[in-house]
Amino acid sequence: MSMIFLIACHSGYSVKYRETSDDSTPVTKAMPIDGSESVSVFVAALPKSTPNRELLAQSWETYRRRFIQGDGRVIDYEAGDRSTSEGQAYAMLRAVLIDDAATFALTLNWGENNLQRQTNGKRTDKLWAWQWGRNADGKWGAIDSNFASDGDIDTITALILASRRWNRPEYLDLAKAKLQDLWNLSIIVGHGGKLYLLPGPAAAFVGNASTVYLNPSYFAPYAFRLFAQVDPQHDWLSLVNTSYEVLEKSAPLSAVGLPSDWVAQDTKTGKYQPLPQTSQLQTLYGFDAYRVWWRLSLDVAWFNSPQARRYLQTYSRYLQKVWRERSRLPARIDLQGKELVGYEATAQYAMLYAAWELVEPRLAKELLEKKLLPQYKQGIWDDKSAYYTQNLAWLGMLPPSVVPQQLLKVKP
């Protein structure tokens, strides 16, 4: 098995959007549910104090209509109209955050019915195949049965929150079943006998007897804290510790202290190093790494983590400096701090907005006014096929405080 099977999980942003598809595809247009919900319903679901409340409600309604098919399949138009476990998970997470039980159920059911990992026609576990689309024969179905742990983490997080928000114990049961398989298949013993989260199956990300490949943007300490509440049989809190270890100890790989899309750990010495230059997985600051800012902002907002707050302040300093000097940030930066591309990324600005709202609110306000709001038009950021941007922009702009505290705690 190749370790690079996940490389295109959300990086296919150059394929031209197709308004229609041929007769062999089950997709025509994404027209979800029955259209009876209106923006006003979603506005009402958000607290009145929520900044940009109408915008967030409108963008969710637009996303539902454009990117989510009537049966619940989330479509990535920029990558051959495929679907991913990540896409289904983002939709579920957004749905529960805005109290949209109908869309949540649809997207969950599509994932459960179509992303099953199977061997010889039998389901092997409760995790989801990471990619579904048209195969070489022109048929539609799962085209890579490996799982991506970030998609499953976001799915399980959404299930736990949904079970509490809508009093649906069956969602919690499914979350617990998925947690068993995530633990068994995606947790590895690394340096010093400590436990680490792999991005997917060990066969794909254990390079050799002393090397594992890790993705810092997959680490979700807030989710591991939730998992510990519902699955005390496994030491999920140990993953909080090793997540911060990887984030902090791998940051010096970058001369300017930025997180990288991918890093390697020497399990014998505990040292972190860039992936080989021959690898298709790259050690640089790019589209994956943006999510580090958002994931740690949730750990601050939901669980008051001082470690997360310190990381956000310390390791975004270079970007703070560049922003103050130039009022723009490049979309990709190499380990020497060199700008690799001339374009910017709305997704990066949204993830940083979530972080800087907590540690540099003045800069967050500038990002919002200069980069995020100007890129938003009629329910869409950037352009109508930018699936990844829609999700990260919305999640970054949604205040974590919209989640009622009772959803983050075990019922007494």
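Okay, ground rules. Since the model is predicted, local features need pLDDT of at least 70, side-chain atom pairs count only at pLDDT 80 or more, and totals for chains, interfaces and linings use all residues. Numbering starts from 1 along each chain as its sequence is written, and side-chain values use heavy atoms, with hydrogens and water left out.

When I say helix or strand, I mean DSSP runs, numbered from the N terminus: H or I with at least four residues for helices, E with at least two for strands. Strands pair if DSSP finds at least two bridges between them.

Next, strands 2 and 3. Strand 2 covers 116-119 and strand 3 covers 122-128. They're antiparallel too, over three bridges, and Gln-118 sits opposite Arg-123. The two strands make a hairpin with two residues between them. Have a look at Asn-120 in that loop: its phi is positive, about 55°, although it isn't a glycine. Buried or exposed? Asn-120 is exposed, at 77% relative accessible area. For those words, buried means under 20% relative accessible area, exposed means over 50%, and partly exposed is in between, with a 1.4 Å probe and protein chains only.

On to strand 10, residues 263-266. Val-263 and Gln-265 point one way, Ala-264 and Asp-266 point the other, and all of them are buried. Strand 10 has antiparallel partners in strand 9, residues 211-214, through four bridges, and in strand 11, residues 272-273, through two. For landmarks, Thr-211 is opposite Asp-266, and Ala-264 has Gln-273 as its bridge partner in strand 11. Strands 10 and 11 form a hairpin with five residues between them, and Gly-270 in that turn has a positive phi of about 80°.

Now helices. Helix 10 runs over residues 290-303, 14 residues in all. How many of its residues are buried? Twelve of the 14, so helix 10 is largely enclosed by the rest of the structure. Among the buried ones are Trp-293, Trp-294 and Trp-302, along with Arg-291, Arg-295 and Asp-299. Just after the helix, Asn-304 takes a positive phi of about 55°.

Then there's a helix pair. Helix 3, residues 85-97, and helix 5, residues 149-165, have axes that come within 8 Å and cross at roughly 25°. Axes here are lines fitted to C-alpha atoms, for helices over the stretch in contact, with angles from 0 to 180 degrees between N-to-C directions. The two helices are therefore roughly parallel; that label covers angles under 35 degrees, with over 145 roughly antiparallel, 65 to 115 roughly perpendicular and the rest oblique. The crossing is left-handed, meaning the near helix is turned anticlockwise from the far one by less than a right angle; clockwise would be right-handed. Contact means heavy atoms within 4.5 Å, and the residues making it include Ala-89, Leu-93 and Val-96 of helix 3 and Ala-158, Leu-161 and Ala-162 of helix 5.

Last stop is around helix 15. Asp-382 is in the loop between strand 13, residues 380-381, and helix 15, residues 387-397. Asp-382 is another non-glycine with a positive phi, about 70°, and is partly exposed at 35%. Inside helix 15, Thr-389 is buried at 13%. What does Thr-389 touch? Not counting residues up to four places away in sequence, Thr-389 touches Thr-346, Ala-347, Trp-381 and Asp-382.

After helix 15 comes the segment with Gln-405, which is partly exposed at 40%.

Note on methods. Expected span 1.5 Å × (residues − 1).
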